[in-house]
Amino acid sequence: MTITGDNRVQGQVAIVTGANRGIGRQIATDLAAAGARVAATARNPDTLAALKAEVEAAGGYCDCYALDVTSETSVVAAVDQVIAKHGRVDLLVNNAGIGAGAEYAWDLPVDDWWQVFEVNVRGVYLCSQAVMRRMAQQRSGRIIDVGSLVAANPNPKASSYAASKAALLRWNSCLAVSAAEVGVAVFAISPGLVATDMTDRPMFADIPADQWVPIEKSGELVVALASGRADSLNGRFIHA
C-alpha cells in the first residue's frame, strides 16, 4: 500500500467491521492509505495483526478492536472505546458478513439459515445504532453498508444470503432518510463478484474471468464516498 492522502479523508475516524480478510481488509487498507485513522474490527483481534503491521509500515494509522457484530455488548464496547480514544466517529463501514448454501432453497437447517441474518442484518443494525448515537450528536458522519446485487436476484443455492442482503438494502434506505435529518449520509455498495474466501466454492468455478471485479474497486469506492464528494447520492445503492 502507499499512503497518498486525501484532505477530505485525512484524519477521519473510520470503523470497519470484518476488517481481517477479503473486502473488509482492502477497505481498511485503502482508508488508511487516504489518511483515515482506521479502527479495524473482527471477532478475534489477533487476526488483524498483519493488517495493522502493513498499514503502519506504510505510515498509516490502524488500531484493532474485538467486535462480534451479533453481540450488542461487544458492539457498544468497541464503539465506546473508539470514541473514548478519538472523541468522534466519522465513518462506519458495515462489511462483516457471512453466507451459507444448500442445493435447494429449503435444504439449509433453520439455525444455519437464520445465523446469516444474525450477522448480515442484526449485526449491521447494532453497529449502525451504536454509531448513530454519536453521529447524531456530532450532526455529521457517514455509514456505508456492503450489500450485494444478489439482493435483487434469486439465488436458490444461497437463499439466506440473498434474503439477508435484500433486508439490508431496505434497512439502509430507511436509515438514509432518517439519518439525513441529523447530517449523516448513508450508502449501500455492491462490490460485485470478487475473488475472496466466500467465493472460493464450486458454484463459482465456471464464472468467466471478465465477470470478476478487482477487489481494489471496493476500497476505491469507499474512499470516494468517505470524502463527501458523493453525499448527494445519500440513500443510493452503488455498484463498484
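Trainee: Is the crossing of α3 and α4 left-handed or right-handed?

Mentor: Please bear in mind that this is a predicted model. The axes of α3, residues 72–86, and α4 come within 10 Å and cross at roughly 35°. As to its hand, the crossing of α3 and α4 is right-handed.

Trainee: How many nonpolar, polar and charged residues does the contact of α3 with α4 have?

Mentor: From α3, the contact is made by E72, V75, V79 and I83. From α4, the partners are R122, L126, C127, Q129, A130, V131 and R134. By class, the contact of α3 with α4 has seven nonpolar, one polar and three charged residues.

Trainee: How far apart in space are R122 and L168, C-alpha to C-alpha?

Mentor: In sequence, R122 and L168 are 46 residues apart. In space, the C-alpha to C-alpha separation of R122 and L168 is 9.3 Å.

Trainee: Let us stay with α4. Does S128 count as buried or exposed?

Mentor: S128 lies in helix α4, which spans residues 110–138. Setting aside neighbours within four places in sequence, S128 is in contact with L92, N94, I143, D145, W171 and L175. With a relative accessibility of 1%, S128 counts as buried.

Trainee: Which residue's backbone oxygen does the side chain of S128 reach?

Mentor: A polar contact requires a pair of N or O atoms within 3.5 Å. The side chain of S128 reaches a backbone oxygen at 2.8 Å, and that oxygen belongs to V124.

Trainee: What is the distance from the side chain of Q138 to the backbone nitrogen of V89?

Mentor: Q138 is also placed in helix α4, and its contacts beyond four places in sequence are R88 and V89. On another side of the sequence, the side chain of Q138 reaches the backbone oxygen of S140 at 3.2 Å. Between a polar atom of the Q138 side chain and the backbone nitrogen of V89, the distance is 3.0 Å.

Trainee: What is the phi of R139?

Mentor: R139 is placed in the loop between α4 and β5, and at 51% relative accessibility R139 counts as exposed. Most residues other than glycine have a negative phi. R139 is not a glycine, yet its phi is positive, at about 60°.

Trainee: Turning to another pair of helices, are α1 and α2 roughly parallel or roughly antiparallel?

Mentor: The axes of α1, residues 22–33, and α2, residues 49–57, come within 10 Å and cross at roughly 25°. Angles under 35 degrees count as roughly parallel, so the relation of α1 to α2 is roughly parallel.

Trainee: How many residues in the contact of α1 with α2 are charged?

Mentor: α1 contributes R25, A28, T29 and A32, which meet A50, L51, E54 and V55 in α2. The residues of this contact include five nonpolar and one polar, and the number of charged residues is two.

Trainee: Which elements do the buried residues of α6 pack against?

Mentor: In α6, residues 216–226, the buried residues are S218, G219, L221, V222, V223, L225 and A226. After α6 comes G228, whose phi is positive, near 90°. The buried residues of α6 pack against α1, β4, β5, β6 and β7.

Trainee: Finally, what percentage of the contacts between residues at least 6 apart in sequence join residues at least 24 apart?

Mentor: The protein chain has six helices and seven strands, and from the N terminus on its elements run β-α-β-α-β-α-β-α-β-α-β-α-β. Of its 240 residues, 48% count as buried. Among contacts between residues at least 6 apart in sequence, the share that joins residues at least 24 apart is 71%.

Terms used. Residues are numbered from 1 along each chain as its sequence is written. This is a predicted model: local features need pLDDT of at least 70, side-chain atom pairs count only at pLDDT 80 or more; totals for chains, interfaces and linings use all residues. Side-chain values use heavy atoms; hydrogens and water are left out. Axes are lines fitted to C-alpha atoms, for helices over the stretch in contact, and angles run from 0 to 180 degrees between N-to-C directions. Helices (H or I, at least four residues) and strands (E, at least two) are DSSP runs, numbered from the N terminus. Angles under 35 degrees count as roughly parallel, over 145 as roughly antiparallel, 65 to 115 as roughly perpendicular and the rest as oblique. Contact means heavy atoms within 4.5 Å. Ala, Val, Leu, Ile, Met, Phe, Trp, Tyr, Cys and Pro count as nonpolar, Asp, Glu, Lys and Arg as charged, and the others, Gly among them, as polar. Buried means under 20% relative accessible area, exposed over 50%, partly exposed in between (1.4 Å probe, protein chains only). A polar contact is a pair of N or O atoms within 3.5 Å; within protein, one must be able to donate a hydrogen and the other to accept it, and residues adjacent in sequence count only if both atoms are side-chain atoms. A crossing is left-handed if the near helix is turned anticlockwise from the far one by less than a right angle, and right-handed if clockwise.
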